[in-house]
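Dear colleague,

Please find below the structure that I am handing over to you. My notes on it follow directly after.

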Amino acid sequence: MPKAKSGTALLENARVQEFLQTVRSQCRKCNVKFVLAPSEFVGGRADGEQLLGFFWEPSLHRRQSGELRVATRNIPVSEWIVTLAHEYAHFLQWFRDDPLYNCASYLELETATEREAFEILRRFKIPIDFEVARRKSKAYIAKVKREEKEGI
């Protein structure tokens, strides 16, 4: 496993650049705007939770483009790159018409998406600390599980 990098070194890493170019290119081909937003959040949920990233599929019948957006301001590259992989996994689920993308269980969708995000990061050989990312992923899934149980 490659050693984790941080900051500018990680952003300048050839594998990270290849990943960014792949996402940018595939989004462009599918009428999805790709944005690395210079903000701390990219939106919020009805319950007030701030979002670090999102994917909205394009609406073909209304001729509206989609969007894949990830917040980057004051967020280490090693963290927002994981968020990007997660949102890119949603993009891929949508693109391949994965039934999971429209499933009733948000927990099931997010658990599978987290798994796929890690597969993407490994496939591109992104040099991050996978143990730290895995702990944050487990905490996120535990939160989604609590929310689903509470009906949020």
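Helices and strands here are DSSP runs numbered from the N terminus, with helices being H or I of at least four residues and strands being E of at least two. On that basis, glutamate 114 belongs to helix 4, residues 106-123. The model is a predicted one, in which local features need pLDDT of at least 70 and side-chain atom pairs count only at pLDDT 80 or more, while totals for chains, interfaces and linings use all residues. Residues are numbered from 1 along each chain as its sequence is written, and side-chain values use heavy atoms, with hydrogens and water left out.

**Glutamate 114**

Glutamate 114 has a relative accessible area of 9% and therefore counts as buried (under 20% relative accessible area; exposed is over 50%, partly exposed in between; 1.4 Å probe, protein chains only). Beyond its neighbours within four places in sequence, glutamate 114 is in contact with His86, Ser137, Tyr140 and Ile141, where contact means heavy atoms within 4.5 Å. With the side chain of histidine 86, the side chain of glutamate 114 makes a polar contact at 2.6 Å. A polar contact is a pair of N or O atoms within 3.5 Å; within protein, one must be able to donate a hydrogen and the other to accept it, and residues adjacent in sequence count only if both atoms are side-chain atoms.

**Helix 4 and its surroundings**

Helix 4 has 18 residues and reaches 25 Å from first to last C-alpha, close to the 26 Å expected at 1.5 Å a residue; the expected span is 1.5 Å times one less than the number of residues. Its buried residues include Leu109, Ala112, Glu116 and Ile120. Helix 2 (14-29), helix 3 and helix 5 are among what covers the buried residues of helix 4. Just after helix 4, lysine 125 takes a positive phi of about 55°.

Helix 4 packs against helix 5 (residues 130-150) at an angle of about 170°, with the axes 9 Å apart. Axes are lines fitted to C-alpha atoms, for helices over the stretch in contact, and angles run from 0 to 180 degrees between N-to-C directions. The two helices are therefore roughly antiparallel, a term for angles over 145 degrees. Among the residues making this contact are Glu114 and Phe118 of helix 4 and Ser137, Tyr140 and Ile141 of helix 5.

**Helix 3**

Aspartate 97, which follows helix 3, has a positive phi near 55°.

Yours sincerely

Key: Parallel < 35°, antiparallel > 145°, perpendicular 65-115°, else oblique.
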